[in-house]
Amino acid sequence: MIGPGFADRIRAELKRAALSIGAPADVEPILERPRDPAHADWASNIAMVLARPLRRKPTEIATAIRDSMNLADAGVDRIEIAGPGFLNFRLDPATVAETVRGIVAENENYGRSAAGENCPVVVEFVSANPTGPLHVGHGRQAALGDAISSLLEWTGWRVSREFYYNDAGVQIDNLELSVRAHINSNGGPAEIPEGGYHGEYVREIAVRYDAVTGEGVREFALRALRAEQDLDMQAFGVKFDTYYLESSLYTDGKVHDVVDRLIANGHTYESEGALWLRTTQYGDDKDRVMRKSDGTYTYFVPDVAYHLTKWQRGFTHAINVQGADHHGTTTRVRAGLRALNMGIPEGYPQYVLHQMVTVVKESEEVKISKRAGSYVTVRDLIDWVGRDAVRFFFLMRKGDSPLVFDVDLARRQSDENPVYYLQMAHARMSGIFRVGEIDASRMDVSSVDLSVLAEAEEQALIKQLLDFPAEISGAAAAMEPHRITAYALETARLAHFWYHKHHVLGEPEPIMLARLALARAAQIVIRNTLHLLGISAPERM
RNA sequence: GCGCGCGUAGCUCAGUUGGAUAGAGCGUCGGCCUCCGGAGCCGAAGGUCGUGGGUUCGAAUCCCGCCGCGCGCACCA
């Protein structure tokens with residue numbers, strides 16, 4: 001560990017100093033990177049925090065702490081006191097430069113940590129009904145779910161990516177009826193029933209259906225659409241570890257078991273010919289119907305059964321990535337799980353909800369596609385701008401805010417396009433090695449004198465590279481991949497700055513060797529961010 | 001009406017879980033540059049962080065009210 005290494009040393013020495021001036025024994029100094037790098041490399045607000053318990057002025061405390069700190073033990077060059085009582089720590093440029101060696105050595109593992117302790121977690125995403133091609137909302141989910149999964153893997157969790165097919169229920173009935181309508185119309189205009197599906201794909205399925213095989217229309221349609229969705233995800237580069245079929249919950253009797261258990265636990269009642277669950281006992285604003293008056297179950301019962309299987313399969317942590325339009329279901333699923341009295345905690349599963357996606361092309365919103373009819377598909381986006389751009393654009397914004405997908409920007413081959421800018425930074429670093437005819441992957445930096453990396457752009461770039469592990473763990477803990485896209489762009493920016501200002505090849509050998517090491521470190525970090533986000537890192541463009 | 005989310009520069013958005021003078025990209029204006037790899041670099045203008053209160057050493061961030069936008073409020077998923 002390189003980045004936190006500094007912080008740990010400073011923190012330990014800071015704590016020792018704080019205790020020596022009478023701080024409470026349980027004091028835990030907080031270190032942070034100041035927003036403005038001109039202030040310091042690392043900063044602590046400990047003096048302000050201690051002001052109250054010690055009944056002294058923050059600046060006074062800060063001075064006392066500074067005076068009792070050992071610079072060498074903390075590994076810092078300078079300590080300053082600023083503002084209301086910040087302790088600002090500055091690192092020696094040669095110390096900073098030295099860290100490049102570690103980044104190059106760790107290579108593809110740089111940024112990983114073990115915080116998750118190999119704990120199993122299931123991340124469920126996309127989970128579309130097999131009733132049509134995947135739409136852009138599913139695309140956002142796929143990008144988010146896959147990136148969150150990667151973040152968790154990078155921080156030491158054992159991740160299982162899961163796709164839940166809602167292949168039961170009324171919507172599947174409607175799909176079957178829609179396909180049958182086309183079959184019956186014999187190529188003529190079909191009478192699609194109320195609630196049915198109108199896309200071109202429905203007609204295609206009807207045309208391809210062959211009654212002679214003995215396979216039912218319903219099974220054939222489901223199989224075709226699942227295959228199509230699988231291809232969409234494959235084109236997007238997303239791989240699932242498991243697929244779970246809603247229908248299996250019925251055939252395995254799991255839905256019945258859940259209902260029986262809920263009844264046995266006394267959380268249900270009959271009313272108006274239906275069976276209700278008292279979800280209001282668990283924070284819902286009204287009780288929910290479990291079994292309709294026609295004897296079938298509402299969707300949330302298999303949902304509860306499904307999430308129970310996650311728990312029983314050993315996933316003590318479960319994360320669901322869904323559109324915000326499903327927000328209403330979270331409370332009742334959790335309520336159902338708790339009503340089982342099986343020790344499933346209140347916040348299980350965790351939800352990551354995202355807002356809607358609108359697609360804009362030539363300044364106009366695109367709402368329809370030929371294949372799907374009333375919506376734009378993930379496949380359309382991939383065809384228009386490529387997988388990398390689709391992924392990046394979906395991850396650029398935090399899930400809480402609606403996303404406008406600018407197709408024209410995404411396909412532009414210039415710096416205005418963030419994906420291009422980012423990949424170009426990687427290509428540039430790679431270009432240095434190509435032109436210099438150096439095999440970067442075999443580069444030995446163990447005996448290079450890195451202390452010559454003292455230029456402002458070099459120090460800024462290195463410090464940025466050092467932030468990478470902390471960025472990963474922060475983004476993983478918050479389940480916010482957009483932090484990584486922002487970090488990647490900033491890293492690319494600093495790499496571009498450095499590249500424009502300073503030459504590598506053709507410099508005197510000591511400088512060239514050190515700069516080659518830095519170019520390699522930058523290449524590694526940019527490549528790692530790209531790979532983590534599921535985006536390719538081209539060597540040339 | 002109730003619940004959830006969001007209001008930050010002209011536009012698109014960040015803001016490290018309460019820290020220092022609120023940032024970036026695009027756009028606008030002024031000036032350089034043509035270099036391993038493609039118009040890049042430097043500087044400037046631009047903000048009552050929707051609004052009114054509260055909490056404290058300190059608030060864009062936490063709490064309450066109000067305004068505006070989105071989503072949800074099914075015996076659909």
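Here is a chat about a predicted model of a protein chain with an RNA strand.

Biologist: Hi! How is chain A divided into domains?

Modeller: Keep in mind that this is a predicted model. The domain assignment of chain A gives domain 1 (4-91), domain 2 (125-251 + 355-410) and domain 3 (414-532).

Biologist: And what distance separates the centres of domain 1 and domain 2?

Modeller: Taken over C-alpha atoms, those centres are 53 Å apart.

Biologist: OK, on to the RNA. How many residues surround RNA strand B, and which are the closest?

Modeller: There are 49 residues around RNA strand B, and the closest are Arg35, Arg52, Phe86, Arg434 and Tyr499. Of the atoms of RNA strand B that come within 4 Å of the protein, 58% belong to sugar and phosphate.

Biologist: Which part of RNA strand B does Arg493 lie 3.2 Å from?

Modeller: A phosphate oxygen: a polar side-chain atom of Arg493 is 3.2 Å from one. For Asp400, a backbone N or O atom lies 3.3 Å from a sugar or linking oxygen.

Biologist: Which elements give two or more residues to that surface?

Modeller: Those are α2 (46-54), β4 (86-90), α17 (418-435) and α20 (482-501). By class, the surface near RNA strand B has 17 nonpolar, 17 polar and 15 charged residues.

Biologist: Changing topic: how many aromatic pairs are there?

Modeller: The count comes to 16 aromatic pairs. Take Phe240 and Tyr243: their ring centres are 5.7 Å apart and their planes are at 55°, so the pair is tilted.

Biologist: Why tilted?

Modeller: Because 55° falls between the cut-offs, under 30 degrees for stacked and over 60 for edge-to-face.

Biologist: Is Phe240 buried or exposed?

Modeller: Phe240 is buried, with a relative accessible area of 10%, while Tyr243 is partly exposed at 37%.

Biologist: What about Trp311 and Tyr348?

Modeller: Their pair is edge-to-face, with 5.1 Å from centre to centre and 85° between the planes. It links distant parts of the chain, 37 residues apart: Trp311 is in helix α12 (residues 300-312), and Tyr348 is in the loop between α13 (327-339) and β12 (350-354). Trp311 counts as partly exposed at 23% relative accessibility, and Tyr348 counts as buried at 3%.

Biologist: Last one: which ring does the charged end of Lys361 sit over?

Modeller: The ring of Trp384, 3.8 Å from its centre. Arg33 lies over the face of Trp42, 5.3 Å from the ring centre.

Definitions and conventions:
Residues are numbered from 1 along each chain as its sequence is written. Chains are lettered from A and ligands numbered from 1 in the order in which they are written. This is a predicted model: local features need pLDDT of at least 70, side-chain atom pairs count only at pLDDT 80 or more; totals for chains, interfaces and linings use all residues. Side-chain values use heavy atoms; hydrogens and water are left out. Domain bounds come from an automatic or database domain assignment. A residue is near a molecule or strand if one of its heavy atoms lies within 4 Å of it. A polar contact is a pair of N or O atoms within 3.5 Å; within protein, one must be able to donate a hydrogen and the other to accept it, and residues adjacent in sequence count only if both atoms are side-chain atoms. Helices (H or I, at least four residues) and strands (E, at least two) are DSSP runs, numbered from the N terminus. Ala, Val, Leu, Ile, Met, Phe, Trp, Tyr, Cys and Pro count as nonpolar, Asp, Glu, Lys and Arg as charged, and the others, Gly among them, as polar. Rings of Phe, Tyr and Trp (its six-membered ring) pair if their centres lie within 6.5 Å; planes under 30 degrees apart count as stacked, over 60 as edge-to-face and the rest as tilted. Buried means under 20% relative accessible area, exposed over 50%, partly exposed in between (1.4 Å probe, protein chains only). A charge sits over a ring if NZ of Lys or CZ of Arg is within 6 Å of the ring centre and within 35 degrees of the ring normal.
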